[in-house]
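Keep the view open as you read, and take the points in order.

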Amino acid sequence: MKRLTVHAAQVREAAALFDERGVVVVKSLLPWDTVEGVADFLNGKEADAMGQFALGSRLAAELLAIPRALAKDAILHEILGTDRLFLHMPPMARAVMPEAPHAAVPLHQDASYNPHLRDFLTLWVPLVPIDDVCGGVAVYPMSHRTETITGPPPANDWLPAIHPPEGAERVVLAPLRLGDVVILHPKVMHESMRNRSGHVRLSCDYRFFGDGSTSAKHYWDLAEDRLVEPTHV
């Protein structure tokens, strides 16, 4: 994982890794108290069998604390080549119970789940420390050079698992501490892992795009700190 990792101050290095490998792990990008505040909010909220929190929880103002903390950070702006950041709404928040049979997301590309977005990135934020037992995300670096793979509609919320390129390297993104984040290209292949620990794995993921892109759904304008509704012609 070291080959995919930069510190929060390494802005150009982060953008270069993202372009080359389709994934970058940024250490200490977020303040601990911001991450712990979102975790405290979600603790006690109910998630379904797939590990997803209800829409009301995901739309809560508390989950905007993380994107607001990044609104002026240079890394996301550099990667997207933008002066302004926008956030697809709602974000995703998940609570994966130990050995939950249906909560592991099969190998996929985020572009397949988000056809309404163009030129975006996914920010995965663990709300608990991540190790090999707790699980997290496994990724195939440089698989973003493939085309978006489409298929039948999701079954039980997840699309069928896709196949990585022949000979591709699989990297488990662990360990991760509070404040670390994973930034994913929309076409890079990745999957979530089973939680084999004795505690719940909490996480959020956010989809950001810049002023050169568009969305056909609700999004948050971080520069103006307001919700923008889709325009229907």
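The points below go from the whole chain to a few places worth a look.

1. **Before you start.** This is a predicted model, in which local features need pLDDT of at least 70 and side-chain atom pairs count only at pLDDT 80 or more, while totals for chains, interfaces and linings use all residues. Residues are numbered from 1 along each chain as its sequence is written, and side-chain values use heavy atoms, with hydrogens and water left out.

2. **The whole chain.** The protein chain has 6 helices and 12 strands (DSSP runs numbered from the N terminus: H or I of at least four residues for helices, E of at least two for strands). Along the principal axes, the C-alpha atoms fill a box of roughly 40 × 40 × 40 Å.

3. Of the 233 residues, 53% count as buried (under 20% relative accessible area, with exposed over 50% and partly exposed in between, using a 1.4 Å probe and protein chains only). Among contacts with a separation of 6 or more, 81% join residues 24 or more positions apart (contact means heavy atoms within 4.5 Å).

4. Which residues of helix 2 are buried? In this helix, residues 32–42, they are Thr34, Val35, Val38, Ala39, Phe41 and Leu42. They lie on the same side of helix 2 because they cover an arc of only 160° around the axis (from the directions between the helix axis and the C-beta atoms). An α-helix has 3.6 residues a turn, so residues three or four places apart point the same way. Trp32, Asp33 and Asp40 are exposed on the other side of helix 2.

5. **What covers helix 2.** The cover over its buried residues includes helix 3 (55–58), helix 4 (65–69), strand 4 (92–96), strand 5 (120–126) and strand 10 (201–210). Just after helix 2 comes Gly44, with a positive phi of about 95°.

6. **Around Phe41.** The charged end of Lys45 sits over the ring of Phe41, 4.2 Å from its centre (the rule asks for NZ of Lys or CZ of Arg within 6 Å of the ring centre and within 35 degrees of the ring normal). Ser57, in helix 3, is buried at a relative accessible area of 12%. Not counting residues up to four places away in sequence, Ser57 touches Phe41, Lys45 and Leu63.

7. The whole structure holds 4 aromatic pairs (ring centres of Phe, Tyr or the six-membered ring of Trp within 6.5 Å; planes under 30 degrees apart are stacked, over 60 edge-to-face, the rest tilted). Phe86 and Phe209 are stacked, because their ring centres are 5.5 Å apart and their planes are at 25°. Phe86 lies in strand 3 (residues 85–88) and Phe209 in strand 10, so this pair ties together parts 123 residues apart in sequence. Phe209 and Tyr219 pair edge-to-face, 5.4 Å centre to centre with 70° between the planes. Phe86, Phe209 and Tyr219 form one aromatic cluster.

8. **Leu4.** Leu4 sits in the segment before strand 1 (5–7). Is Leu4 buried or exposed? At 3% relative accessibility, Leu4 counts as buried. Beyond its neighbours within four places in sequence, its contacts include Leu17, Val24, Val139 and Leu173.
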